[in-house]
Amino acid sequence: MSNRWSVVVDREQCFSFGMCIETLPRVFVWDEEDKPVIQPFDPDAISLDELKEAVDGCPRAALTLVDEEGRTLWS
Ligand code: SF4
């Protein structure tokens, strides 16, 4: 199984509550518009369960876990 995951942020849905950044500051950081962006991370150092937890913790359902080809793995 590939572990080349990423997370897509729906910037329209995001209300900048910050739970994703609190949950996984190694992955999510604020941009200049107070929206989270994904910073480069070592996929071997972040588990799929940690990413799923961040996705599930978003109160706006603004996060989608995708594989390297952009296919939805978890939302
Ligand atoms: S948890 Fe959801 S709403 Fe909050 S900053 Fe992250 S993506 Fe935006």
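Reader: Is alanine 61 buried or exposed, and why?

Author: A residue is called buried if 20 or more other C-beta atoms lie within 10 Å of its own, exposed if 12 or fewer, and partly exposed in between, with C-beta atoms placed from the backbone. Alanine 61 has 12 other C-beta atoms within 10 Å, so alanine 61 is exposed. This is a predicted model, in which local features need pLDDT of at least 70, side-chain atom pairs count only at pLDDT 80 or more, and totals for chains, interfaces and linings use all residues. Residues are numbered from 1 along each chain as its sequence is written.

Reader: Where does alanine 61 lie?

Author: Helices (H or I, at least four residues) and strands (E, at least two) are DSSP runs, numbered from the N terminus. Alanine 61 is in the loop between α2 and β4. Its C-alpha atom and that of serine 16, 45 residues apart along the chain, are separated by 12 Å.

Reader: What about alanine 45: where is it, and is it buried or exposed?

Author: Alanine 45 sits in the loop between β3 (36-38) and α2 (48-57). Alanine 45 counts as exposed because it has 9 C-beta neighbours inside 10 Å.

Reader: Which residues have the most contacts inside the largest nonpolar core?

Author: In soluble globular proteins, nonpolar side chains tend to be buried together. A nonpolar core here is a set of buried Ala, Val, Leu, Ile, Met, Phe, Trp, Tyr and Cys residues joined through C-beta atoms within 7 Å. The largest has 13 residues, and Cys20, Ala54, Val55 and Leu63 have the most contacts inside it. Helix α2 gives the most to this core, with three residues.

Reader: What is leucine 63 in contact with, beyond its neighbours within four places in sequence?

Author: Two residues are in contact if their C-beta atoms, placed from the backbone, lie within 7 Å. With those neighbours left aside, leucine 63 touches Val7, Val9, Cys20, Ala54, Val55 and Cys58 by this criterion.

Reader: Which strands pair with β4?

Author: Two strands pair if DSSP finds at least two bridges between them. Strand β1 (residues 6-9) pairs with β4 (residues 63-66) in the antiparallel sense over four bridges, and valine 9 stands opposite leucine 63. β4 also pairs with β5 (residues 72-74), antiparallel, over two bridges; valine 66 has threonine 72 as its bridge partner. β4 and β5 form a hairpin with five residues between them, and glycine 70 in the turn has a positive phi of about 85°.
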